Amino acid sequence: MENEKLIIRDWARIWLQNYKLNYVKASTYTESYERTTKNYILPHLGDCLINDISPIRIREFMSELALKYSDSTLNKVLICLNGMFNAAVENNIIEKNPAINIKKPRSAIKPKEKKTYSQNEVDNIIAFSYSHAYGLYIHILLELGLRSSELCGLKWSDIDFNAKTIDIHRACTASKNKAEVGDTKNQSSYRQLPLSTNLTQRLLKASGTAQKKYIVSAKRGDKPMTPSSFTKEFYNPFFEDYGDSRRLSPHELRHTCGTLLYEKTKDIYAVSKYLGHSSINITAKYYVHANPDMLRSALDIV
């Protein structure tokens, strides 16, 4: 293939196949690289000759995306562009990476406000959960603040009932619409969490009749579920039965857990470890003085 006639679409396929597939987790490949390239880069640049892509073209492209998409999406696009063009430089297809000095433009999309339940609301949901077939899963999410992928990767063998602890060391994600069990999101996500007496007793009782190795299993067979399937088949039906008009997402239950823990302890380091964040800065960004009441309490404003 002559470099002068090589288009972005063809090089993207080669780059994904040889530089990303089998070099990152399958879920990361699908979500962060393959989908980003297919949905955002190729529709705009796919038919352009790779030698014709200039820095100003990249800036124009990123500015167009910034009108419609979030900062998170813009970051993923820039990561893919730099990876793609760096590989082209390495293979003597182009002389310089046209995206190397491009900074992410400011997104016109305002970040969605993360909602949380109050402690009283959490207490009411957990009380209701004892009467619901899927209530245990919601109790786990609210008390432990797990990612949905971590919940779906939990096995009964991860629990030490005597020590009242649970190990979080795997996650279940979707790859090609199939459940794939692998490592947690990052090294910091490997953690051992304490269980309350109430949750320990509840898990112990449930384990006595459990016939599958995964705590959250597909309705047929001893197989794990993807987070999206869990939300559709268990999470949504629970909250439909609960009757809450402002139903929060599974990730907002995680945010609720972190917010309430910080309100109670003011220990940002412990909350960061509990949630398995890769950096304490992430925890501080979302949980320190997240609302006026927390700010009032911290500054003793009456």
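## The chain as a whole

What you see is a predicted model. Its protein chain has 302 residues, and 42% of them count as buried. The secondary structure comes to 13 helices and five strands. Taken along the principal axes, the C-alpha atoms fill a box of roughly 65 × 55 × 35 Å.

How do parts of the chain that are apart in sequence come together? Among contacts between residues at least 6 apart in sequence, 64% join residues at least 24 apart.

What do they pack against?

## Two asparagines with positive phi

Just after α1 comes N22, which sits in the loop between α1 and α2. Is N22 buried or exposed? With a relative accessible area of 71%, N22 is exposed, since the cut-off for that class is over 50%.

N92 also has a positive phi in a residue other than glycine, here near 60 degrees. You will find N92 in the loop between α4 and α5 (119-129). N92 counts as exposed, at 65% relative accessibility.

## Helix α5: one side in, one side out

Now follow the chain into α5, where V122, I125, I126 and S129 are buried. They are on the same side of α5, because the arc they cover around the axis is only 95 degrees. The face turned away from that buried side carries N120 and A127, which are exposed.

Which helices meet the buried residues of α5? They pack against α6, α8, α9 (227-242) and α10 (250-265).

## H132, between α5 and α6

In the loop between α5 and α6 you will come across H132. H132 has a relative accessible area of 14% and is therefore buried, the cut-off being under 20%. The side chain of H132 forms a polar contact of 2.7 Å with the side chain of D241. Leaving aside neighbours within four places in sequence, H132 is in contact with P237, F238 and D241.

## How α6 and α8 pack

Helix α6 covers residues 135-144 and helix α8 covers residues 197-207. The two pack at an angle of about 150 degrees, and their axes are 11 Å apart. Their crossing is left-handed.

Which residues make up this meeting place? From α6 come G135, L136, H139, I140, E143 and L144, while α8 brings L199, R202, L203 and A206. Sorted by class, the contact has six nonpolar, two polar and two charged residues.

## The loop between β4 and β5

Q187 is found in the loop between β4 and β5 and counts as exposed, at 64% relative accessibility. Q187 and R202 are 15 residues apart in sequence, and their C-alpha atoms are 29 Å apart in space. R202 is one of the α8 residues that meet α6.

S189 lies in the loop between β4 (178-182) and β5 (191-194). Is S189 buried or exposed? Its relative accessible area is 0%, so S189 is buried. What does the side chain of S189 reach? It makes a polar contact of 3.0 Å with the side chain of R147, and it reaches the backbone oxygen of G276 at 3.3 Å. Setting aside neighbours within four places in sequence, S189 is in contact with R147, E150, I168, T184 and G276.

## Looking back

Move on to the left-handed crossing of α6 and α8. Finish at S189, whose side chain makes a polar contact with that of R147.

Conventions. Residues numbered from 1 in each chain as written. Predicted model: local features only at pLDDT ≥ 70, side-chain atom pairs only at ≥ 80, totals over all residues. Heavy atoms only, no water. Helix = DSSP H or I, 4+ residues; strand = E, 2+ residues; numbered from the N terminus. Buried < 20%, exposed > 50% of the residue type's maximum accessible area, 1.4 Å probe, protein only. Polar contact = N/O pair within 3.5 Å; in protein donor to acceptor, adjacent residues only side chain to side chain. Contact = heavy atoms within 4.5 Å. Axes fitted to C-alpha atoms, helices over the stretch in contact; angles between N-to-C directions. Left-handed = near helix turned anticlockwise from the far one by under 90°. Nonpolar A, V, L, I, M, F, W, Y, C, P; charged D, E, K, R; others polar. Arc of directions from axis to C-beta.
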